[in-house]
Amino acid sequence: MTSSDDLLSRAREIAENVLFPATIEIDRSGAVPASHLDLLAKEGFYGLAAPAEFGGPDVDLATASDVMQTLASACLCTTFVWMQHHGVVLRLAFQPGPLRDEWLPGLVAGERRAGVALGGGLPGPPVLAATRTADGYVLNGHSPWVTGWGMVDVLAVLARDGDTLVWALVDATESATLAVEPLELVAVNASNTVTARFTDHPVPAERLFGTQDHAEFVAADATRLRMNGSLSLGLTARCTTLLGPGPLDAELTAARTRLDTAEPEDMPDARAQASALASRAATTLVASAGSRGILLDQHPQKLAREALFLLVFASRPAIKQALLPRLLRPTA
């Protein structure tokens, strides 16, 4: 893929011809086919976030958002697993050293796949602590939300050492010091999302790739929220396609524009707008479909459950504060 147009065109082909026809079966079987992730790797989508110098397509944020929205409109679960990878690629790309040299080429190619365990970055008391040792750190605590277990090779783990966040690349393998507890989700259950628990889990120095002040990480959080909004936009787009032309089309365009143009301080409200729209679009689709829409082999009920999931996925107190008034607002 040599251009943004080629990338987006191929994403649309995969979405409509491969992902969407299988999405009901994925939801019901509880398993994302390895072939879906392999196809995204083969077509270069695992390198979406990588700069050109590391083999990425060098696309701008708008194109990356378009790709994520397009894939999410077809199969939210597959997209949810795949999207975890990109933050790891991007962070490693800007961390020169042997770890980048060893891991980044395979991650960009999708030959190796990554997930994230970011519990240590949560506000408040640390739920995942890092304690320095002579050879690196040991991790103790838990990361409550780790997606793609069994489908990823490594995790980018964020743990706290006092007021400092430590980034570590940890093998996604259960052991005496790393255990996982599967979570049962109302939607995207095939994402194999787990809680990861660390007990004196050793991380050697050569698996560390940076530190960051915890307060700075929390303060900059709003700048990382944009891409998650593409999931809500994708779900809304699928609902509008199934419903046919109507007033939700203009609302989808407005929500996308708001996410694209929001300043960091406005991003929580923009995310709330997108999530509330997805919920309303899915509810409208169920009502339009009638009783058949709540059968498990039909798209409306699945999209409605996924809209519930997106009301809380990657949420923050500020998003919740902006979202609840939107949901409670009287309508004509």
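Two residues are in contact when they have heavy atoms within 4.5 Å of each other. The model described here is predicted.

**Ala196 and its surroundings**

Ala196 belongs to strand β7, which covers residues 194–204. Leaving aside residues up to four places away in sequence, Ala196 touches Gly141, His142, Ser143, Val146, Leu178, Ala179 and Val180. Its relative accessible area is 0%; buried means under 20%, so Ala196 counts as buried.

**Aromatic rings**

A pair of aromatic rings is described by two values, the distance of the centres and the angle of the planes. The structure has 6 aromatic pairs. One of them joins Trp167 and Phe217 in an edge-to-face arrangement, with 6.5 Å from centre to centre and 65° between the planes. Trp167 is in strand β5 (residues 164–171) and Phe217 is in helix α6 (residues 214–219), so this pair ties together parts that are 50 residues apart in sequence. Trp167 and Phe217 are both buried. Elsewhere, Phe80, Trp145, Phe309 and Phe313 make up one aromatic cluster.

**Charges over rings**

Arginine side chains also sit over aromatic rings, as listed in the table.

| Arginine | Ring | Distance to ring centre |
|---|---|---|
| Arg112 | Trp103 | 3.8 Å |
| Arg113 | Tyr46 | 5.1 Å |

Arg112 lies over the face of Trp103, while Arg113 has its charged end over the ring of Tyr46.

Notes:
Residues numbered from 1 in each chain as written. Predicted model: local features only at pLDDT ≥ 70, side-chain atom pairs only at ≥ 80, totals over all residues. Heavy atoms only, no water. Phe/Tyr/Trp six-rings, centres within 6.5 Å; stacked < 30°, edge-to-face > 60°. Helix = DSSP H or I, 4+ residues; strand = E, 2+ residues; numbered from the N terminus. Buried < 20%, exposed > 50% of the residue type's maximum accessible area, 1.4 Å probe, protein only. Lys NZ or Arg CZ within 6 Å of the ring centre and 35° of its normal.
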